[in-house]
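Trainee: I would like to go through the terms used for this model and hear what each one rests on.
Mentor: Then let us look at it together.

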Amino acid sequence: MIVDNSLDELKKRENALTIIKHFIFNKNRNALFDLTGLSGGFIATDQEINLLETYIGPAVFEEEIQKYGKIHLCGEKILPVNRTSSGILATILALVEEDSNVIHFLPEFPAHPSIIRACNLVNANYFEFDNINKFHILENTSLIIITGSTMDHKILDENLFKEVISQAKNHNIPVFVDDASGARLRTTIFNQEKAFDLGADLVITSTDKLMNGPRGGLMTGTKDLIDMVKVKANQFGLEAQPPIILAMLNALKEYDGEDLINAFSKKEDFIKLLETKFTNFQKTPTGVMISVEGLYNEVKRNNTNISVSKKDLSFIYSMILLKNEGIITIPAVSMPGASATIRFDLSTNDGKKLDLEVLFNKIINSFNELLNVVDNEEKCKEIVFNN
Ligand SMILES: *Cc1c(COP(=O)(O)O)cnc(C)c1O
């Protein structure tokens, strides 16, 4: 294995960031195409930034985020946190007791690693289901978690969503929805209801995903539960800081979902183009993806000897896409434990600018380079870590 643990993932990410820096300084920003769907946006006027230097600014922005956060997520009280992972941790610290059970229902495995890590931290027992027929609520359950849309953008069917919530209500157990991308994908593209309106007690979304905001988590819920989570967030420094709240606020004001809807139809043309050459790309709501298994099968089709693991193939391909073609996808830059699926999101600012033929050629060129190197482990290591 080339990328075998969290430390390896960290080194891979550092190498990717170095490559990105080289693009910016030796070429220019236009040579890079960020198709991750994570924008890291920071919209703010000079006037607003000046306000941050006083105590007045935070007061204004924290007040305003209550209003715009509720427009986006509904609920009784809004809590901005540093990351979605931070909000998940704060929620589990606040609501989950030692030895109690946490039950997670999601449309498809795997779950986001922060959920499992947080359960381990409080010594809770974690159970997960992606099949409603197997889903059941155990005695001594302190929290039910629902993922509305997975890391790979697999969407939960709204009827299943309602079914899990109704079972939780029967047992009087709070429901926490991880709607990191789902708060927009489910509602804007699939016309589903907001998670709070479906009966969730707590909801979190990522202001970085499919909207032009900073990496951060935005929570809503009933006032009592949000207050409990907020106390934990403050105790452990997990809350969002004023500059992030300002950028979240402006991204919320600007969000209209039109880019998502346009990408939803554009990906149909793109998948047709890809299918002239590949057989393992799949559609996502706003683009295309190739899974770890899919990429492995695609490489196998070319009768190549492979001397690296399946997952390594994804990291290597993602790094080649970045280094040779300037295409940024998640496996190159991700934090440890994130999905290794390679997703090309067409709703992104760079995705909107990129001609589909041009992107198609970049994907083919990088794939041919991948075929050239997969039988050479040393060469692959060099691509991933630059050492
Ligand atoms: C992205 C994501 C997270 C975590 O977001 P971070 O910004 O990395 O903390 C959690 N859950 C799901 C389903 C996600 O897609």
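Predicted model: local features only at pLDDT ≥ 70, side-chain atom pairs only at ≥ 80, totals over all residues.

Mentor: Residues are numbered from 1 along each chain as its sequence is written, and side-chain values use heavy atoms, with hydrogens and water left out.

Trainee: Why is the pair of Phe278 and Phe367 called edge-to-face?

Mentor: Rings of Phe, Tyr and Trp (its six-membered ring) pair if their centres lie within 6.5 Å; planes under 30 degrees apart count as stacked, over 60 as edge-to-face and the rest as tilted. The centres of Phe278 and Phe367 are 5.2 Å apart and their planes stand at 90°, so the pair is edge-to-face. This pair links distant parts of the chain, 89 residues apart: Phe278 is in the loop between α10 (258-274) and β9, and Phe367 is in helix α15 (residues 356-373). Helices (H or I, at least four residues) and strands (E, at least two) are DSSP runs, numbered from the N terminus.

Trainee: What makes Tyr317 and Phe367 an aromatic pair?

Mentor: Their centres are 6.1 Å apart, and with 80° between the planes the pair is edge-to-face. Tyr317 sits in helix α12 (residues 310-325), 50 residues from Phe367 in helix α15. Tyr317 has 0% relative accessibility, so it counts as buried. Ring pairs join Phe278, Phe281, Tyr317, Phe344 and Phe367 into a cluster.

Trainee: How do you know that the charged end of Lys277 sits over the ring of Phe278?

Mentor: A charge sits over a ring if NZ of Lys or CZ of Arg is within 6 Å of the ring centre and within 35 degrees of the ring normal. The charged end of Lys277 meets this, at 5.9 Å from the centre of the Phe278 ring. The charged end of Lys310 sits over the ring of Tyr296, 4.6 Å from its centre.

Trainee: Why does Gln192 count as buried?

Mentor: Gln192 has 11% relative accessibility, so it falls in the buried class. This residue is in the loop between α7 (182-189) and β7 (202-206).

Trainee: What makes the approach of Gln192 to Arg186 a polar contact?

Mentor: A polar contact is a pair of N or O atoms within 3.5 Å; within protein, one must be able to donate a hydrogen and the other to accept it, and residues adjacent in sequence count only if both atoms are side-chain atoms. The side chains of Gln192 and Arg186 make such a contact at 2.8 Å. A polar atom of the Gln192 side chain also lies 2.9 Å from the backbone oxygen of Leu156.

Trainee: Why is Asn172 called exposed?

Mentor: Asn172 has 72% relative accessibility, so it counts as exposed. Asn172 lies in the loop between α6 (158-170) and β6 (175-178), and it has a positive phi of about 60° although it is not a glycine.

Trainee: Which peptide bond is cis?

Mentor: The bond from Phe109 to Pro110 is cis, with omega near 5°.

Technical notes: Buried < 20%, exposed > 50% of the residue type's maximum accessible area, 1.4 Å probe, protein only.
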